[in-house]
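Hi,

Here is the structure I promised to pass on. Have a look at it first, and then read my notes below.

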Amino acid sequence: DAWQVPNHALVNVQVRPRSAVLAVKLVLHSAAPQLAPQQLDEVQEDLLVPRLVARRAVVLRHVAEGVAGFVGAMAPTTTTAMIIVAAVALSWWARRRRRSIITPTQWTQFDRDGYVVLRPDQVFASPHDDLLSLQQRMDDIMLGTCAEPPPYERMMMQLDSCTGVYADAGEQTLGYKGKTLRYRKIQNLDLDDLVMGLFLRRPCFAEACERVYGKGTPISSFRTMFFNKPCAPSAASSGGTHLPWHQDRWRFLDIDPLLNAYLALDPASPESGCVRLLPRSHTLGILNPSHHSAFLTEGQIECYCGAKAEASGAIVDLVLQPGEVALIHNWVVHSSGTNRTARARRALSVSYMDARTKLNEAEFGRFTGGELKSSGYPEGGTHFPQIF
């Protein structure tokens with residue numbers, strides 16, 4: 001800390017002063033600083049970013065001024081070479097520092113189609129172990145075998161239907177419904193520390209929220225839940241419940257959530273009742289704003305998702321492997337079928353929303369205890385913890 005590179009030089013390369021000083025020190029104090037060819041390519045590309053082109057000479061001059069007192073005794077050629085190496089290393093370090101988890105190509109797909117799939121290594125620090133922990137945690141919650149039980153009395157737990165018909169699913173009410181792996185939905189999982197730590201607060205989701213909502217926007221979770229399509233009880237039947245075509249939008253919120261993260265805990269395929277999407281439908285706006293949870297009317301289903309859409313290939317099956325996460329715009333029209341396989345299809349889902357969102361209690365009160373017990377907005381749905 002005996003010397004400082006001028007702050008205005010550091011602003012030009014967009015790095016923090018203290019970290020930049022340490023980076024330059026390491027290069028200057030190295031007996032033989034080396035950069036691999038691919039690193040030099042990255043540096044060259046970084047220096048040619050349009051917003052830096054006009055500043056390159058200024059950056060080099062300021063770095064030179066900042067370290068001149070420490071290299072003045074060296075030969076001029078050596079001094080110049082080491083200053084350039086220091087600047088190049090600093091620029092390369094800055095590039096690595098700001099490299100995104102989600103690629104520009106992935107964001108292009110999200111903007112165009114309304115969804116994109118992230119690899120497990122983009123989401124988890126230890127994909128295999130973290131996924132196993134989440135899978136086991138959900139089974140333990142359903143079976144009541146948690147060493148550290150979650151607050152069941154504050155969690156909505158809905159049993160699956162026995163018929164596969166949506167209207168026949170259990171009530172969406174608070175509390176444990178007994179030891180079984182045939183729960184359809186468990187909500188308010190943001191009350192569970194393990195789910196919060198391994199899933200909700202991953203860096204990729206912080207990055208995604210900043211991209212969708214803007215830097216500095218406080219983010220809360222809405223409807224952090226477990227989805228389950230239990231295995232088929234027999235070869236002649238299906239497990240799980242059919243979910244009708246809808247958009248993830250709720251009349252009770254004054255700001256619409258715009259980003260959903262959907263984690264596959266098991267393989268998701270057409271046979272296991274995977275999510276089905278209508279790409280680019282997020283550009284259509286809210287199709288049925290009169291419904292409390294934006295379920296499409298029969299006419300809208302025929303128009304947008306009917307036989308013509310199926311025949312043209314407009315409908316996409318969201319096939320996922322365990323550990324993959326789909327980022328989905330909330331307005332994308334989607335549905336899911338029943339499970340015809342011998343294993344469950346489980347998933348975790350969360351809508352990230354602007355933390356300044358308010359609940360319209362008058363609207364909410366119209367349905368609480370009635371229609372919402374079986375569809376849409378369940379009991380306990382007023383819990384919005386801040387995540388980022």
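To get you started: how many bridges join E2 to E3? Two, and these strands run antiparallel. One spot to look at there is Met157, which stands opposite Thr173 in E3. Two strands count as paired if DSSP finds at least two bridges between them.

Before you go further, keep in mind that this is a predicted model: local features need pLDDT of at least 70, side-chain atom pairs count only at pLDDT 80 or more, and totals for chains, interfaces and linings use all residues. Residues are numbered from 1 along each chain as its sequence is written, and side-chain values use heavy atoms, with hydrogens and water left out.

Now the sheets. E2 and E3 belong to an open sheet of eight strands, in the order E1-E10-E7-E12-E5-E4-E2-E3, with antiparallel pairing. Its edge strands are E1 (115-118) and E3, each of which pairs on one side only. Within this sheet, E12 is worth a look: 10 of its 10 residues are buried, so the rest of the structure largely encloses it. (Buried means under 20% relative accessible area, exposed means over 50%, and partly exposed is in between, with a 1.4 Å probe and protein chains only.) E12 is joined to E5 by nine antiparallel bridges, and Phe226 stands opposite Leu348 in E12. E7 also pairs with E12 in the antiparallel sense, over six bridges; there, Asn260 has Ser351 as its bridge partner in E12.

There is another open sheet, made of four strands in the order E6-E11-E8-E9, again with antiparallel pairing. E6 and E9 (316-317) are at its edges with a single partner strand each, so one side of each has no neighbour in the sheet. Two bridges join E6 to E11, and Leu243 has Ser336 as its bridge partner in E11. On E9 you'll find Asp317, which is partly exposed, with a relative accessible area of 29%. Asp317 and Leu278 are 39 residues apart in sequence, and their C-alpha atoms are 9.2 Å apart in space.

(On a 1 Å grid over the protein atoms alone, a cavity is a set of points where a 1.4 Å probe fits but cannot get out, and lining residues have an atom within 4 Å of a point. Points are joined across faces, edges and corners, and the volume is the space filled by probe spheres set on them.) Of the 31 residues lining the largest cavity, Arg223, Phe227, Leu243, His246 and His334 are the closest to its centre. E5 gives the most to this lining, with six residues. By class, the lining has 12 nonpolar, 13 polar and six charged residues. (Ala, Val, Leu, Ile, Met, Phe, Trp, Tyr, Cys and Pro count as nonpolar, Asp, Glu, Lys and Arg as charged, and the others, Gly among them, as polar.)

Arg223 sits in strand E5 and is buried, at 13% relative accessible area. Arg223 also has a positive phi of about 55° although it is not a glycine. Most residues other than glycine have a negative phi. Asn188 has a positive phi too, of about 75°; this residue lies in the loop between E4 and helix H10 (193-200) and is buried, at 4%.

On to the rings: there are nine aromatic pairs. (Rings of Phe, Tyr and Trp, the last by its six-membered ring, pair if their centres lie within 6.5 Å; planes under 30 degrees apart are stacked, over 60 edge-to-face, and the rest tilted.) One of these pairs is Tyr166 with Phe295, tilted, at 5.8 Å centre to centre and 40° between the planes. Tyr166 is in the loop between E2 (156-159) and E3 (173-174), and Phe295 in the loop between E8 (275-278) and helix H12 (298-305), so the pair ties together parts that are 129 residues apart in sequence. Both Tyr166 and Phe295 are buried. Separately, Phe199, Phe205, Tyr352 and Phe388 form one aromatic cluster.

Cheers

Notes: 1 Å grid on protein atoms, 1.4 Å probe; cavity = no way out; pocket = protein on both sides within 12 Å on 5 of 7 lines; lining within 4 Å.
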